[in-house]
Amino acid sequence: MEWIVLLHVVSAVVGLGPAYAFPLILRKEKSLEEVKRMADLVTRLEILPKIFGGLTLLTGILLVWLGNYGTFFTLWIAAVLILFILAEVVIIGFLTPMAKKLAMTLTQLTEQGKSETNPITLDLLSKVRNYHIASCVIVLVIIALMVLKPV
């Protein structure tokens, strides 16, 4: 059982840790090249939360099933699952489409020979950053629930 807890915690740290840097990486810049570089970096690093976030979910379900943490109807476990679904809705439903739109806009501006961002690009960048912040806040609440385990 301890190895499952270890795998759960390590996968959460490795998977979610980089996500907390995304809002800091995605700062407003006037240079189109810099914004494009930041967006590309975040896109490459997003593989970690995708892989290890899934592993965290699977090990968490396994821990509830095999351990003595309670049932899926225990308040804190149910809240964690609901918040996890909410985080996925934010990420898959809002953040990912907005990030794709930002990437497409950056590509178009580059193809047009532009070197500076425009208000539309900065607005998209701000929305992507805000969705990252929202998902990070949700995950912080999840972590608090898992540590505190309120009844």
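Predicted model: local features only at pLDDT ≥ 70, side-chain atom pairs only at ≥ 80, totals over all residues.
What volume does the largest pocket have?

**View 1. The largest pocket and the residues about its centre.** The largest pocket has a volume of about 1000 Å³. Its lining is made up of 43 residues, and those closest to the centre are Leu16, Gly53, Thr56, Phe84 and Ile142. Two or more lining residues are given by each of the elements H1, helix H4 (47-66), helix H5 (75-111) and helix H6 (119-148).

**View 2. Composition of the lining of the largest pocket.** H5 contributes the largest share of this lining, with 11 residues. Sorted by class, the lining of the largest pocket holds 30 nonpolar residues, 9 polar residues and 4 charged residues.

**View 3. The second largest pocket.** The volume of the second largest pocket is about 210 Å³. Among the 14 residues that line this pocket, Ala39, Thr43, Glu46, Ala99 and Lys100 lie nearest its centre. Helix H3 (32-45), H5 and H6 each provide at least two residues of the lining. The greatest contribution to the lining of the second largest pocket is that of H5, which gives 6 residues. By class, this lining consists of 8 nonpolar, 3 polar and 3 charged residues.

**View 4. A nonpolar patch on the surface.** Leu6, Val9, Val10, Val13 and Val14 together form a nonpolar surface patch. The accessible area of these residues, taken together, is about 410 Å². Val9 is classed as partly exposed because its relative accessible area of 45% falls between the limits of 20% for buried and 50% for exposed residues.

**View 5. Leu95 in helix H5.** Leu95 is located in helix H5. Leu95 has a relative accessibility of 3% and therefore counts as buried, the limit for this class being under 20%. Arg129 stands 34 residues from Leu95 along the chain, and the C-alpha atoms of Leu95 and Arg129 are separated by 8.6 Å.

Note on methods. Residues numbered from 1 in each chain as written. Heavy atoms only, no water. Patch = residues over 30% accessible without salt bridge, like charges linked within 9 Å, V, L, I, M, F, W, Y side chains within 5 Å. Areas by Shrake-Rupley, 256 points an atom, 1.4 Å probe, with all protein chains shown as cover. Salt bridge = Lys/Arg side-chain N within 4 Å of Asp/Glu carboxyl O. Buried < 20%, exposed > 50% of the residue type's maximum accessible area, 1.4 Å probe, protein only. 1 Å grid on protein atoms, 1.4 Å probe; cavity = no way out; pocket = protein on both sides within 12 Å on 5 of 7 lines; lining within 4 Å. Points joined across faces, edges and corners; volume = space filled by probe spheres on them. Helix = DSSP H or I, 4+ residues; strand = E, 2+ residues; numbered from the N terminus. Nonpolar A, V, L, I, M, F, W, Y, C, P; charged D, E, K, R; others polar.
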